[in-house]
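Please read the briefing below alongside the sequence and the coordinates, which are shown first.

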Amino acid sequence: MILLSIAHLTKRFSPHDLPALDDFSLDAEPGEIIALLGPSGSGKTTALRLIAGFEKPDAGVVVISGKTMTDRKTFVPPEGRGVGMVFQEYALFPHLTVEENVAFGLRALDPGTRGHRVHGMLETVGLTPFAGRYPHELSGGQQQRVALARALAPRPALLLLDEPFSNLDADMMVQMHLEVYTILRELGTTAIFVTHDQEEAFMIADRVGILNQGRLEQLGSPEEIYHRPATRFVARFVGKADFLPGRVTDEGIATEIGTLPNTPGLPGGAQVEVMIRPDHIELIPDPMGSAMVVTRQFRGPDNLLVVQLRSGATIHSHQPSTLTLHPGDRAKVVAHPTHVVAFLATRPWL
Ligand code: ADP
Ligand code: MG
């Protein structure tokens with residue numbers, strides 16, 4: 001069963017600009033958590049606003065729980081969609097208490113059911129002791145819990161969250177990631193959350209969609225996105241990626257750091273660019289080694305090194321904090337790619 005089905009959704013704010021969202025399609029299963037990840041201006045908020053009905057698309061279809069919300073003939077307004085929304089700035093009502101904020105969307109219920117629902121929600125987000133406080137008397141994390149409780153109280157089929165963690169400081173953010181994830185799973189809520197932070201997307205989401213200039217470049221599990229990026233943009237956006245020239249031979253892809261297994265679909269003789277992640281590169285200290293350490297960043301549990309190869313190309317390498325290589329030292333490079341990712345070279349390099 002599909003809870004949310006989006007097909008070819010397109011929105012252009014001005015005829016002179018590229019579409020803010022361009023032919024966007026996505027299906028979500030009940031209970032699934034999907035992250036939309038992309039740089040600023042890539043269309044993430046526009047996607048959420050179109051799904052929620054705050055914006056009318058130029059083309060495309062949105063179906064929620066089997067009901068058509070948007071198509072050529074139909075436009076259901078936000079209040080008829082059964083969608084909850086959590087905004088970056090929480091948008092709590094400052095003159096209402098925590099309890100009143102959470103009860104806001106429940107005016108249609110009789111007082112008994114409403115009270116029951118509100119108290120259950122406050123319990124779920126751990127705010128029962130704060131029920132009578134006003135938003136300005138709460139910390140950022142607590143305000144966010146109120147926003148979450150308010151959005152979830154009407155039991156929406158779908159919850160949309162727009163950069164919900166970006167106003168929190170780092171340790172609060174880590175705690176809220178876990179809490180929000182646990183609550184969504186507990187309630188079985190289908191959710192789409194928007195972020196520009198790749199780690200956040202990987203930690204919380206079942207699937208991650210990468211937006212670039214209004215286009216969905218890839219949709220897949222965090223592992224697929226990281227290990228098998230479909231485009232160079234995705235490769236670079238979800239982690240550090242260096243690209244080395246290679247040539248497809250009978251033995252595999254020949255590169256400066258050795259011959260790597262070929263990937264399906266690349267023709268013999270092709271000139272390619274092979275993606276190298278820092279966690280795929282081992283450095284063995286060796287005065288005769290072909291690589292020279294350029295920089296070393298000590299980061300506590302690990303080191304991030306940049307080494308220069310004979311060709312002049314530089315690549316990054318993650319090494320344990322116990323490694324004793326320093327700038328100017330030479331090393332042998334051993335590649336351990338989990339999956340080789342290579343793209344046809346955009347221009348010949350030989
Ligand atoms: P993101 O949330 O990924 O940062 P947005 O969806 O907010 O991106 O914006 C995508 C593009 O659409 C941007 O180029 C932005 O300037 C443009 N845009 C968004 N909303 C409007 C609007 N109401 N009017 C005109 N342009 C808009
Ligand atoms: Mg945005």
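Around ligand 1 lie Phe13, Ala20, Pro39, Ser40, Gly41, Ser42, Gly43, Lys44, Thr45 and Thr46, where a residue counts as near a molecule if one of its heavy atoms lies within 4 Å of it. This is a predicted model, in which local features need pLDDT of at least 70 and side-chain atom pairs count only at pLDDT 80 or more, while totals for chains, interfaces and linings use all residues. Residues are numbered from 1 along each chain as its sequence is written, chains are lettered from A and ligands numbered from 1 in the order in which they are written, and side-chain values use heavy atoms, with hydrogens and water left out.

**Ligand 1**

- The shell around ligand 1 consists of three nonpolar, six polar and one charged residue, with Ala, Val, Leu, Ile, Met, Phe, Trp, Tyr, Cys and Pro counted as nonpolar, Asp, Glu, Lys and Arg as charged, and the others, Gly among them, as polar.
- Among the polar contacts (pairs of N or O atoms within 3.5 Å), a backbone N or O atom of Gly41 lies 2.7 Å from an oxygen atom of ligand 1.
- A polar side-chain atom of Lys44 is placed 2.9 Å from an oxygen atom of ligand 1, and a side-chain N or O atom of Thr46 is 2.6 Å from an oxygen atom of ligand 1.
- The protein buries 54% of the 560 Å² that ligand 1 exposes when taken alone, as computed by the Shrake-Rupley method with a 1.4 Å probe.

**Salt bridges**

- Side chains of opposite charge can pair when their charged atoms come close.
- The count comes to seven salt bridges, each being a side-chain nitrogen of Lys or Arg within 4 Å of a carboxyl oxygen of Asp or Glu.
- One of the salt bridges is formed by Asp22 and Arg215, whose closest N and O atoms are 2.9 Å apart.
- Asp22 in strand S2 (residues 21-28) and Arg215 in strand S10 (residues 215-220) are 193 residues apart, and the pair thus links distant parts of the chain; strands here are DSSP runs of E, at least two residues long, numbered from the N terminus.

**The five-stranded sheet**

- An open sheet is formed by five strands in the order S15-S19-S16-S17-S18, with antiparallel pairing, and two strands pair if DSSP finds at least two bridges between them.
- Strand S15 (281-285) and strand S18 (314-320) are the edge strands, each pairing on one side only.
- Six bridges join strand S16 (residues 291-298) to strand S17 (residues 302-308), and the bridge partner of Thr295 in S17 is Val306.
- S17 is joined to S18 by seven bridges, with Ser317 in S18 as the bridge partner of Leu305.

Key:
Helix = DSSP H or I, 4+ residues; strand = E, 2+ residues; numbered from the N terminus. Polar contact = N/O pair within 3.5 Å; in protein donor to acceptor, adjacent residues only side chain to side chain.
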